[in-house]
Amino acid sequence: MTTIDWNNLGFNYIKTPWRYRMYWKDGQWSKGELTEDSTLQISEASAALHYGQQCFEGLKAYRRKDGKINLFRVDENAKRLNRSATRLLMPTIPEETFIDAVKQVVKANEDFVPPYGTGATLYIRPLLIGVGDSIGVSPAPEYIFTVFCMPVGPYFKGGLTPTNFIVSEYDRAAPQGTGAAKVGGNYAASLLPGKDAHDHKYSDCIYLDPETHTKIEEVGSANFFGITKDNKFITPKSPSILPSITKYSLLYLAKERLGLEAIEGTVKIDELDQFAEAGACGTAAVISPIGGIQYKDNFHVFYSETEVGPVTKALYDELTGIQFGDKKAPEGWIFEVE
Ligand SMILES: *Cc1c(COP(=O)(O)O)cnc(C)c1O
């Protein structure tokens, strides 16, 4: 058995016993299987290392009150991985294979799925990389698909306590670039602005649209939403934002469960006054309330720097209630691991 302190987990790598591996060679995937080997042996000339030909996913397994384990909208992760792969000329993975791989990994590492009520979850990381011998700028001859997992706590320290963010002067993606693909390159570019933000005690930075720098795009690793004073849920729409599955789930829940008007639209950085509350959302971030945003010399506070707002809290309760199996899920959102 494990000796993990479930109540005090951060968002850190922990080596769990089992991972899934599948290899693409000569135009086809091998039969995927579980392995205990946590290292990858790859060519020094692998395209993933030199030219960033790789993409990944992130999702969680949730322990229910009855002890069973839920996955949340894993079919959407499968679809998104394939969209990212297609953008980077990598082979796609059949949706059923992806879902089966995730289920196998969760099942094999079942002891590491945190108990219900701790707020902790099992974070699952599917990864697709271009490997093999090639040095010219071209798609790799071979690929590795792997899925591993680890128990995690909150991504932003504080959980449902608001934290502050700062608008970056850097861009994370270009208008017709790879912002909508979940690829490592976007993250490599975000490390420096992220460090600047952390050095100044902000949780992370917020990126503006790369074309005009007047509209909010997203947080480094999560999407942005605001609740207007007249109860509209608004989240930015742009081709260079990573389409967050959590965000689309909240658009639905805000409308169908909370009766808010839910809009994907424009969020101008100089119109933050319209919002009563704001937050960052994503699988890792869940819903992290935003206390305030620093933009140039101005610090804008939303609901409160210390307390979560009522609508953000209601959305959080609805979303996590569904994920942990306490609330009725919309059709097709929950996949049980058996
Ligand atoms: C993964 C990711 C998100 C969140 O997406 P979810 O599907 O909600 O987990 C948001 N922004 C970026 C840049 C991401 O990589």
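**Exercises on a predicted model**

K182 is buried, with a relative accessible area of 13%, where buried means under 20% relative accessible area, exposed over 50% and partly exposed in between, computed with a 1.4 Å probe on protein chains only. The model is predicted, with local features needing pLDDT of at least 70 and side-chain atom pairs counting only at pLDDT 80 or more, while totals for chains, interfaces and linings use all residues. Residues are numbered from 1 along each chain as its sequence is written, and side-chain values use heavy atoms, with hydrogens and water left out.

**Exercise 1.** Describe the place of K182 and name the residues with which K182 is in contact.

*Solution.* Begin with the loop between β9 (163–167) and α4 (184–188), in which K182 lies; helices here are DSSP runs of H or I with at least four residues, and strands are runs of E with at least two, numbered from the N terminus. Next, leaving aside neighbours within four places in sequence, K182 is in contact (heavy atoms within 4.5 Å) with C55, F56, E57, G58, R80, S84, Y187 and L242. Finally, turn to the record: an unreviewed UniProt entry carries the annotation "modified residue: N6-(pyridoxal phosphate)lysine" for K182, and such annotations may be inferred rather than shown by experiment.

**Exercise 2.** Work out how α6 and α7 are oriented to each other, and which residues meet.

*Solution.* Two packed helices are described by the angle between their axes and the distance between the axes. The axes of α6 (residues 245–256) and α7 (residues 310–323) come within 10 Å and cross at roughly 115°. Angles of 65 to 115 degrees count as roughly perpendicular, under 35 as roughly parallel, over 145 as roughly antiparallel and the rest as oblique, and α6 and α7 are therefore roughly perpendicular to each other. To complete the picture, T246, S249, L250, L253 and A254 in α6 meet L315, E318, L319 and I322 in α7. By class, this contact has six nonpolar, two polar and one charged residues.

Technical notes
Axes fitted to C-alpha atoms, helices over the stretch in contact; angles between N-to-C directions. Nonpolar A, V, L, I, M, F, W, Y, C, P; charged D, E, K, R; others polar.
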